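This briefing is meant for someone meeting the structure for the first time. Please look through the sequence and the model below before reading on.

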Amino acid sequence: MATILKADNLEKIYRVGKVDVPALRGVSLAAQEGEFIGIMGPSGCGKSTMLHLLGGLLTPTKGRIVIDGEDLTAATDAKRTDIRRRKIGFVFQRFNLFPTLTAEGNLRLAERIQGNGADDPDRRREILRMLRLEDKMHHKPLELSGGEQQRVALARAVVNRPAIVLADEPTGNLDSENSEIVLNMFRELNDRFNQTIIMITHNPEAAAACQRIIQMRDGHIV
Amino acid sequence: MDSLVVSNIRQRPLRSAISVLGVALGVALVMLFTGLAHGMSDDLQKRSSNVSAEIIFTRPGSLQLTSASVNLSTKYVPLLQQIEGVESVTPVIRHFYASGAFGVDQVEGVEWDSFSKMNNIRIIKGQAPRSPDEIVIDETKAARNHPVGSTIKVFGDKVYRVAGIYAPESGARAKMSMATLQEALEAPDKCTFIYVKVKNPSEQVAVAKRIDEAFPGNKIQLTREIFATIENSIPGLTIFLRVLVVLAAIVSALVIMLAMHTTITERTREIGILKAMGASRFYIISEIEREALLISFIGLLVGFALAAGAGFGIHKATSLIFEFSPRWALTAAAIGLLGGALGAFYPAARAANLDPVNALAYE
């Protein structure tokens, strides 16, 4: 299996007024293609910071990140955005769907952002079908349950076939029943399509779905 | 259509409507004012060009656009007729009086036979004025519910009967006999100016010179010089229109800028999501610009409709003519769209530069 993500000695220091706050203190990790990795740790340990760094939403104070052969840390902001667009799909705790668009519209937006004239209605429907949302394609987020919204968010994250899906507490706002459904979807994506997933979670059930767990504390991997 | 641009506009219908109206206002102002200004100017031009006389003889200081002095003696009429090269002469009194919605109207006193013959004007309905209480009007005035036999008030309360309708339109829209107007103004043997028609138009300058030599101290002008610059003789009209255009553009831009700024502040998290999805700065700016342009385009259409409606209403209520000008329509369209695009640019650029992590966390 190829190494799809490699992060070396990541440090991230936030400047808060006149005080430097270290969020990450030299974190290294590697993910193989098709791995389903969970990151756990107490609040404030740096999990979200690391996820944002891996997704190119933040730049590290020190260290290096390579995703699918492309150096994220050496890239300009425009290049980082480009890598994120092609290689990474995000799933957030708060779903973060566009409320004015339907389920299919949210996926279509992801395709339009991808550019290159991408417009594959068959693929959109296939993904929505796989996530048991084929009869919800034309519904807006307000018309969907929490679990359904998160599945749409997951569908949006994978519609462009990213190298990695980064999920930030995807079951954090869901009840146990919907959490189970969403986690099963993550497992299915990983099993059937060899999708690489890195997921932050506090949920032991979610952690159980992962192939590997990384524990963090105080900005370190323990 | 499952489009972010369209759905964003529909999500806030009241704000979108206000933004559209803001752009529409700028467009309508440009179309309405230029339409009325050009309508008035072209109408004056048209009526002025239906004067066959090459020379106007008057007292110094007369014949500005609003001049209505009756201080020229009609004794000059037979004297001018004797000047070499003169074919015919006819005196005219021009009088302005308070009237109607616009506040001012115009009537001319003429010797109908010589006037109509000189300027190729004919009565198309009814007859020329014969009695002191009769008046003739042009087709535009007649169309405003003044058929032959109806009455019109001039000088406030004085009622005149419409004896006839003449064409083509020339000078004031209403004409009465010179004697009648002289009596009404208590100015016997006086007129405002005298039209002089020459035998050979190519000799009009020479004839004008002869008249000046024969009657020094008066004002002699060629009609081709006066009537060619109607628009320029309305003080500051061109400047006024240009200032109006600039103000309209500023209004449109400011309205859109404010609307987009508010929209973007409300949608900060959505912009963070777009960035997380890999939307480039260019994509984010172009989405916001497309939304602004769509609002501006709708505002443009509404503005044209408002201007057309207002112009029609003003024309119905007054004698002002609204003239649609393709050139000004294009200018108004450019103002609406450019103003919208420019107004949205600053908020769009700010949105594109938002920190994605902070934007995602925005409540």
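Predicted model: local features only at pLDDT ≥ 70, side-chain atom pairs only at ≥ 80, totals over all residues.

**Where chain B meets chain A**

In the contact between the two chains, 15 residues of chain B touch 19 residues of chain A.

- On the side of chain B that touches chain A, at least two residues each are supplied by α1 (4–11), α11 (268–276) and α14 (356–361) of chain B.
- Of these elements, α1(B) gives the largest share of the side of chain B that touches chain A, namely four residues.

**Domains of chain B**

- Chain B is divided into domain 1, which is made up of 4–43 + 235–361, and domain 2, which covers 60–217.
- Between the C-alpha centres of domain 1 of chain B and domain 2 of chain B there is a distance of 48 Å.

**A helix pair in chain B**

- Helix α2 (residues 13–49) of chain B packs with helix α12 (residues 281–317) of chain B at an angle of about 45°, and their axes lie 6 Å apart.
- The crossing in which α2(B) passes α12(B) is right-handed, and the residues of the contact of α2(B) with α12(B) comprise 17 nonpolar, eight polar and no charged.

Methods: Residues numbered from 1 in each chain as written. Chains lettered and ligands numbered in written order. Domains from an automatic or database assignment. Axes fitted to C-alpha atoms, helices over the stretch in contact; angles between N-to-C directions. Left-handed = near helix turned anticlockwise from the far one by under 90°. Nonpolar A, V, L, I, M, F, W, Y, C, P; charged D, E, K, R; others polar. Contact = placed C-beta atoms within 7 Å.
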